[in-house]
Amino acid sequence: MAKDSEGPKQPPNSRGRQSSEAYKHRLKRMRDQGLKPPITQHGDDADRMASQAVLDCGWGRLVFAQTFEESDAMISALRGEQPDRRDIAVYVRNPHVLLANAPQELFLDPSHTFRLDLSRYRPSRKGPKGFFIRRLTSQSDAEAINRIYSARAMIAVPPEFFWAKRDARTIIYFVAEDEQTGEVLGTVTGVDHIRAFNDPERGSSLWCLAVDPSARHPGIGEALVRRLAEYFTTRGAAFLDLSVLHDNEQAIALYEKLGFQRVSFFSVKRKNPINETLFTGPPEDATLNPYAKIIVNEARRRGIHVKVVDAEAGFFRLTHGGRSILCRESLSELTSAVAMSICDDKSVTRRIVSAAGVRVPEQLADGASPDEIAEFVKRCGRVVVKPARGEQGRGISVGLSDLAEVEDAIEAARKVSDVVLLEEYVQGEDLRLIVINYRVVAAAIRRPPVIVGDGERTVRELIEAQSRRRKAATGGESRIPLDAETERTVREAGFGLDDVLPAETELAVRKTANLHTGGTIHDVTDIVNPTLVQAASEAARAIDIPVTGIDLMVKSPSLADYAFIEANERPGLANHEPQPTAERFVDLLFPLSVPASVRQTLQKDKEREGKR
């Protein structure tokens, strides 16, 4: 007989108890999460689950499938979907049966359902840093939530709907607020199933988790999910469910980290324009960058034919009637080669707009002697060194006062352009104004990337983490380079790349606010000063360019003080959502695609401007 294996032995009956517990757990999982129909309810009417429960969430309605006995009734409820809204039938146990009854109207949502068992949930020992989570409390909160929804291509909700539900217990809104600025950084919505339809399983669900793409604090999404889970735990809920697109790997990784497990429930939606990409399959131009895609999508909405010429470089051709125009993102054939060459040479741009009466900073042309450079730096105090040609912030060094650093910056700029410019450093904020057809369509403050210390990670590690977040938020278009300019900026603040940044310490790691080098953008269209609007329009007319991004340095977007920095012939329109930049761009290219009522309004606006 073989000897017993060495090691600790289990006490008697321990295997039997473990087997029994595992068996009970499997039974519970099969009962709660399986595909069998729910158990027939008994008891008083007051304790029974509501029949045909539908909940309005502002962006659309939740149709709780477990409260419907017949597919026809559920289909009828989904047919009540309002325009520009997205209704969702959730907890559908037999989606094939439902779809077979309305195959032309409905489709199976390509999302996974995840569940968090609240009896097993454990709060984090670490709280939010630099922000806090609270309930929605004001009309401005509602407007901020819609701003974040728009930035994340989600359906906006009437602000009055948020406000009407601020004290409701069926729908709960939480927001993340920056401790210093008071800005709303993220939001999440919760639904209490007990109050919604007297759910016998005591469930709850999470919807519309969204974080501002420009938020610099890490862990906002996790903090919002945890706050909602803890809220429902105190309310006696048994679980927290959510639905997430199957390919949203970043979100799925977060939910699995927090203990969510995938369960076998399905969602069904109606075939409408909002859901089109979910039931038509991936488009052939899926590789287009966000700056080209926003224009292509707007063109297709109007029935304009799109032919992608080179997706990687952002080239496409738009055709409508007898008119065909080749574009590269927001650069089209309507922009002349002369206008493009003016924008390409920053020294020429400066002279052209200065002659038109636009204020420009003092500048020293290339070829100046060392003595002239030293005198210029002494007179200005601090200078900007930049290549005369180039884009996306490459080769630019800002706020230099040391001659040795100026010489190094000149050498770095020469790697981008043979001609290098020295310019007076104007302190303030970087304002980008989008001018289309010589009218300002959007305005936004661009801010340099900022990291926030946690007392554990080095500056380098924090930059890398922030860069990953910016890359994910912009489809790979924004990242913070770990180059000499970043190292110099960090060194000026008294740190090294390998130093641990103290907790809650904010550190700007670049001087330039270019989005491609990690900068963030904040819409100020509604508050921009008319003087700045006029300066941008005059600069565009001086260059004679129909679509441009005019960069001004300002003390505040609401004040009239400014200094012209440069003009960009191919501005990124996607950076300014929800402002209608793509709509106005397509209006310019194809005026006849504009609805007649809109054309009449635009014509009246032009006539009024002509009389002034």
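Me: What is the volume of the second largest cavity?
Reply: This is a predicted model: local features need pLDDT of at least 70, side-chain atom pairs count only at pLDDT 80 or more, and totals for chains, interfaces and linings use all residues. A cavity is a set of points on a 1 Å grid over the protein atoms alone where a 1.4 Å probe fits but cannot get out. Its volume is the space filled by probe spheres set on the points, which are joined across faces, edges and corners. For the second largest cavity, that volume is about 50 Å³.

Me: Which element gives the most to the lining of the second largest cavity?
Reply: Residues are numbered from 1 along each chain as its sequence is written; side-chain values use heavy atoms, without hydrogens and water. Lining residues have an atom within 4 Å of a cavity point, and here they include Arg216, Ile451 and Leu462. With 4 residues, the top giver is α15.

Me: How many charged residues line the second largest cavity?
Reply: Asp, Glu, Lys and Arg count as charged; Ala, Val, Leu, Ile, Met, Phe, Trp, Tyr, Cys and Pro as nonpolar; the others, Gly among them, as polar. The lining of the second largest cavity has 5 nonpolar residues and 1 polar. Its charged residues number 3.

Me: Which strand gives the most to the lining of the largest cavity?
Reply: The largest cavity has a volume of about 100 Å³. Val90, Tyr91, Thr113, Trp207 and Asp241 are the closest to its centre among 13 lining residues. β2 (61-64), β3 (88-92), β9 (203-211) and β10 (239-245) each supply at least two residues of the lining. The most, 3 residues, come from β10.

Me: Which strands stand at the edges of the open sheet of 4 strands?
Reply: Strands (E, at least two residues) and helices (H or I, at least four) are DSSP runs, numbered from the N terminus. Two strands pair if DSSP finds at least two bridges between them. The open sheet has the order β13-β14-β15-β16, with antiparallel pairing. Two strands each have a single partner, so one side of each is left without a neighbour in the sheet: β13 (305-310) and β16 (331-332).

Me: How many bridges join β14 to β15?
Reply: β13 and β14 pair over 5 bridges. β15 (residues 323-328) is joined to β16 by 2. The bridges joining β14 to β15 number 6.

Me: Which residue in the turn between β14 and β15 has a positive phi?
Reply: The hairpin of β13 and β14 has 4 residues between the strands, and there Gly314 takes a positive phi near 85°. The hairpin of β14 and β15 has 2 residues between them. In that turn, the residue with a positive phi, about 65°, is Gly321.

Me: What angle does the direction of helix α18 make with that of β15?
Reply: Angles run from 0 to 180 degrees between N-to-C directions of axes, lines fitted to C-alpha atoms, for helices over the stretch in contact (heavy atoms within 4.5 Å). Helix α10 (residues 290-301) lies across β13 and β14 (315-320), at about 15° to β14. Helix α18 (residues 581-589) packs on the sheet, touching β14, β15 and β16. Its angle with β15 is about 135°.

Me: Where in the protein chain is confidence lowest?
Reply: pLDDT is the predictor's confidence in each residue, from 0 to 100. The chain averages 86, and the highest mean, 97, belongs to β2. The lowest mean, 54, belongs to helix α1 (residues 14-33).

How values were computed:
1 Å grid on protein atoms, 1.4 Å probe; cavity = no way out; pocket = protein on both sides within 12 Å on 5 of 7 lines; lining within 4 Å.
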